[in-house]
Amino acid sequence: MLKKLFLIAVTAFLLVAAPVRGQQITDATEYNAYVMALNEKDPAKQMQLLDAYLAAYPKTVMKEQTLELKLRAQQSSGQMGEQTARDILQINPNNTTAMMVLSYAFMQTPLSEADPAFQQKLADAEANAKHGIETANALAKPAGVSDEAFQASKNTMLATEYQAQAIVGLYRKDYAASLAAFKQAAAITPNDAALFYRIGDTLAKERPVKWNDALWAFARAVALEGPGAMNAAGKQQVDAYLTRAYTAYHGAPDR
């Protein structure tokens, strides 16, 4: 469910928060190839057309837009599109959607401390998240976009980047920094059950453990309903853990 919601949010961000650009294709043949790819409704076919277009016109003024279309098609097909996001950032280091995709991919891909590139991957993820937050906060609302739609897209970006920062903190066992970032994300998306579970889990890792705060966070994760809620199996698992932890700390579940 979380991945599905994220993919929907990425598509919305591509449509709402992308900057307006003034480049135009002047060659008729190139224009027709671009429009054909743009209007293709089948994601798999669209990706093929976009790749063919980029191969034929590698220096096109529409390269960033073309890669964004490819990223959207990949998202629609259930792919993350990490390499496409990296390609976009080579053209425009301030592309908020590409940064958000890389942060989400980082959050979903476990790292091993045995990996020689472990520290570099953390540093890259941290830098990407920090730049994403700075860029999102500096965004101006595009013309024709409602305040509500723009703020929703901006919140998705910020919440994702803060959570990526928090995950970096967890890998470094810097629980205070991790918790601070998680709380910033929670202030933006207060109905994200998985986020409150992460807050509780981080509090449980600190020493001394702040059990009252941790138990509250776990309880909120279980109680939340709606689009950001855990699935039934996840709720049952967290609720069982909450009962055990509460009993161990307070002595009885009804105290």
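**Overview of the chain.** Of the 255 residues in the protein chain, 42% are buried, where buried stands for under 20% relative accessible area, exposed for over 50% and partly exposed for anything in between, with a 1.4 Å probe and protein chains only. This is a predicted model, in which local features need pLDDT of at least 70 and side-chain atom pairs count only at pLDDT 80 or more, while totals for chains, interfaces and linings use all residues. Residues are numbered from 1 along each chain as its sequence is written, and side-chain values use heavy atoms, with hydrogens and water left out. The secondary structure comprises twelve helices and zero strands, given as DSSP runs numbered from the N terminus (helices H or I, at least four residues; strands E, at least two). Among contacts (heavy atoms within 4.5 Å) between residues at least 6 apart in sequence, 60% join residues at least 24 apart.

**Close-up 1: the largest nonpolar core.** A nonpolar core is a set of buried Ala, Val, Leu, Ile, Met, Phe, Trp, Tyr and Cys residues joined through side-chain atoms within 4.5 Å. The largest one holds 58 residues, and those touching the most other members are Tyr34, Tyr53, Phe106, Leu122, Phe182, Phe196 and Ile199. Helix 6 (residues 96-108) gives the most to this core, contributing nine residues. In soluble globular proteins, nonpolar side chains tend to be buried together.

**Close-up 2: helix 8 against helix 9.** The axes of helix 8 (residues 147-171) and helix 9 come within 7 Å and cross at roughly 165°, the axes being lines fitted to C-alpha atoms, for helices over the stretch in contact, with angles from 0 to 180 degrees between N-to-C directions. Helix 8 is therefore roughly antiparallel to helix 9, a term for angles over 145 degrees, as against under 35 for roughly parallel, 65 to 115 for roughly perpendicular and the rest for oblique. On the helix 8 side, the contacting residues include Leu158, Tyr162, Ala166 and Leu170, and on the helix 9 side they include Tyr175, Ala181, Phe182 and Ile188. By class, this contact has eleven nonpolar, six polar and no charged residues, with Ala, Val, Leu, Ile, Met, Phe, Trp, Tyr, Cys and Pro counted as nonpolar, Asp, Glu, Lys and Arg as charged, and the others, Gly among them, as polar.

Close-up 3: Helix 9 (residues 175-188) and helix 10 (residues 193-205) have axes that come within 10 Å and cross at roughly 160°, so helix 9 is roughly antiparallel to helix 10. The residues of their contact divide into nine nonpolar, two polar and three charged. Not counting residues up to four places away in sequence, Phe182 touches Gln163, Ala166, Ile167, Leu170, Leu195, Arg198, Ile199 and Thr202.

**Close-up 4: helix 4 against helix 5.** Helix 4 (residues 63-76) and helix 5 (residues 82-91) pack at an angle of about 160°, their axes lying 9 Å apart, which means that helix 4 is roughly antiparallel to helix 5. Residues making the contact include Leu67, Glu68 and Leu71 of helix 4, together with Asp87 and Ile88 of helix 5. The contact comprises four nonpolar, two polar and five charged residues.

**Close-up 5: the loop at Pro227.** Pro227 sits in the loop between helix 11 (211-223) and helix 12 (232-250) and counts as exposed because its relative accessibility is 64%. Although Pro227 and Ala193 are 34 residues apart in sequence, they are 9.4 Å apart in space, C-alpha to C-alpha.
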